[in-house]
Amino acid sequence: QVQLVESGGGLVQPGGSLTLSCAASGGTLDSYAIGWFRQAAGKEREGFLCTKPGDALPHYGGTYYADSVKGRFTISRDDAKSTVDLQMNSLEPGDTAIYYCAADLTYYCSDAPSPKTYEFEYWGQGTQVTVSS
């Protein structure tokens, strides 16, 4: 059973950048699809990004970016280190939320639809991102 821990959140000005990291313990991440979710105050947790397992065949699955983050956020994974990074650029006040990474052995990530919370088994505790001047 894998445990996930996010880090890297904080306060950033509009237009700034942050990199969130999701580190796994108790197992490696290469066989897991990874999802990133965020939950703003008073709103439902929403999935905005997912990526296929690191050991998936080239034609199996892909990466999904919600329109709200496309072109600004980038996911990268280092399965040797069991870490997944989320590079966030051009941050906007609307990006303010608690950010969660999630992992699942069976989730199929493609270019649509967006990942749903019930589709992921393992979750980190979340990290706060606040975009404000």
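This is a predicted model: local features need pLDDT of at least 70, side-chain atom pairs count only at pLDDT 80 or more; totals for chains, interfaces and linings use all residues.
**View 1. Leu-57 takes part in a nonpolar surface patch.**

**View 2. Asp-55 is placed in the loop between S5 and S6.** With a relative accessible area of 44%, Asp-55 is partly exposed. When its neighbours within four places in sequence are left aside, Asp-55 is in contact with Asp-30 and Ser-31. Asp-79 is 24 residues from Asp-55 in sequence, and the C-alpha atoms of these two residues are 8.9 Å apart in space.

**View 3. A cis peptide bond leads from Ala-112 to Pro-113.** The omega angle of this bond is near -10°, and Pro-113 itself lies in the loop between strand S9 (97-104) and strand S10 (122-123).

**View 4. Ser-82 has a positive phi although it is not a glycine.** The phi value of Ser-82 is about 55°, and its place is in the loop between strand S7 (73-78) and strand S8 (83-88). Ser-82 counts as buried, because its relative accessibility is 7% and the buried class is under 20%.

**View 5. Ser-90, a residue other than glycine, also has a positive phi.** Here phi is near 50°, and Ser-90 lies in the loop between S8 and S9. Ser-90 is partly exposed, with a relative accessible area of 41%.

Notes: Residues are numbered from 1 along each chain as its sequence is written. Side-chain values use heavy atoms; hydrogens and water are left out. Patches are made of residues with over 30% relative accessible area and no salt bridge: like charges are joined within 9 Å, nonpolar side chains (Val, Leu, Ile, Met, Phe, Trp, Tyr) within 5 Å. Accessible areas come from the Shrake-Rupley method with a 1.4 Å probe; for residues, only the protein chains shown count as cover. A salt bridge is a side-chain nitrogen of Lys or Arg within 4 Å of a carboxyl oxygen of Asp or Glu. Helices (H or I, at least four residues) and strands (E, at least two) are DSSP runs, numbered from the N terminus. Buried means under 20% relative accessible area, exposed over 50%, partly exposed in between (1.4 Å probe, protein chains only). Contact means heavy atoms within 4.5 Å.
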